[in-house]
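Student: I would like to go through this model with you, one question at a time. Please give the cut-offs as we go along.

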Amino acid sequence: MDELIWSTARASRDWLDTTNGTGDTELTCRILKLTEEAGEAAAAWIGVLGQNPRKGVTHTRDDVAAELADVVFTALVAIESLGLDARSVVSGCAAKVRSRLT
């Protein structure tokens with residue numbers, strides 16, 4: 001299953017490269033897509049809390065988790081789009097965080 005994540009991130013980058021190109025404007029859009037996805041996660045959490053009195057409770061924690069997964073996956077595609085290996089970058093980040101815990 002682990003390899004599915006990394007290979008799908010690379011395949012998504014390849015598909016976007018073929019469909020939309022690889023220029024700086026396209027890369028900017030892929031990075032900005034993270035903000036869009038994070039906003040959807042925030043909206044889902046607001047829906048869990050029922051914070052909007054007009055709408056009430058509209059989402060579940062599972063909905064929030066799915067939106068957060070979209071954020072993660074979008075970030076992996078953006079990392080790959082920078083010409084880097086997402087697995088290596090994420091592993092380096094995890095090692096950095098782990099070192100702070102000990």
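Student: Is Cys 93 buried, partly exposed or exposed?

Tutor: This is a predicted model, in which local features need pLDDT of at least 70 and side-chain atom pairs count only at pLDDT 80 or more, while totals for chains, interfaces and linings use all residues. Residues are numbered from 1 along each chain as its sequence is written, and side-chain values use heavy atoms, with hydrogens and water left out. Buried means under 20% relative accessible area, exposed over 50% and partly exposed in between, with a 1.4 Å probe and protein chains only. Cys 93 has a relative accessible area of 38%, so the class is partly exposed.

Student: And how many disulfides does a search of the whole structure find?

Tutor: The criterion is a pair of cysteine sulfur atoms within 2.5 Å. Cys 29, at 44% relative accessibility, is partly exposed. For disulfides, the search of the whole structure gives a count of zero.

Student: Which elements make up the chain, and in what order do they run from the N terminus?

Tutor: Elements are DSSP runs numbered from the N terminus, helices being H or I with at least four residues and strands E with at least two. The chain holds four helices and zero strands. Read from the N terminus on, the order is α-α-α-α.

Student: What radius of gyration does the chain have, against that of a compact globule of 102 residues?

Tutor: The radius is taken over C-alpha atoms, and the globule rule is 2.2 Å times the number of residues to the power 0.38. The C-alpha trace spans about 45 × 45 × 25 Å along its principal axes, and 23% of the 102 residues count as buried. A compact globule of 102 residues would be near 13 Å, whereas the chain has 16 Å.

Student: How are helix α2 and helix α3 oriented, parallel or antiparallel?

Tutor: Axes are lines fitted to C-alpha atoms, for helices over the stretch in contact, and angles run from 0 to 180 degrees between N-to-C directions. The axes of α2 (residues 24-49) and α3 (residues 61-81) come within 8 Å and cross at roughly 170°. Angles under 35 degrees count as roughly parallel, over 145 as roughly antiparallel, 65 to 115 as roughly perpendicular and the rest as oblique, so α2 and α3 are roughly antiparallel.

Student: Which residues does Glu 37 touch, not counting residues up to four places away in sequence?

Tutor: Glu 37 is found in helix α2 and, at 8% relative accessibility, is buried. Contact means heavy atoms within 4.5 Å. By that rule, Glu 37 touches Glu 67, Asp 70, Val 71 and Thr 74.

Student: Is Thr 74 buried or exposed, and which residues is it in contact with?

Tutor: Thr 74 is found in helix α3, and its relative accessibility of 13% makes it buried. Leaving aside neighbours within four places in sequence, Thr 74 is in contact with Arg 30, Lys 33, Leu 34 and Glu 37.

Student: Which residues does Ala 41 touch, not counting those up to four places away in sequence?

Tutor: Ala 41 lies in helix α2 and is buried, with a relative accessible area of 7%. With that exclusion, Ala 41 touches Val 64, Glu 67 and Leu 68.
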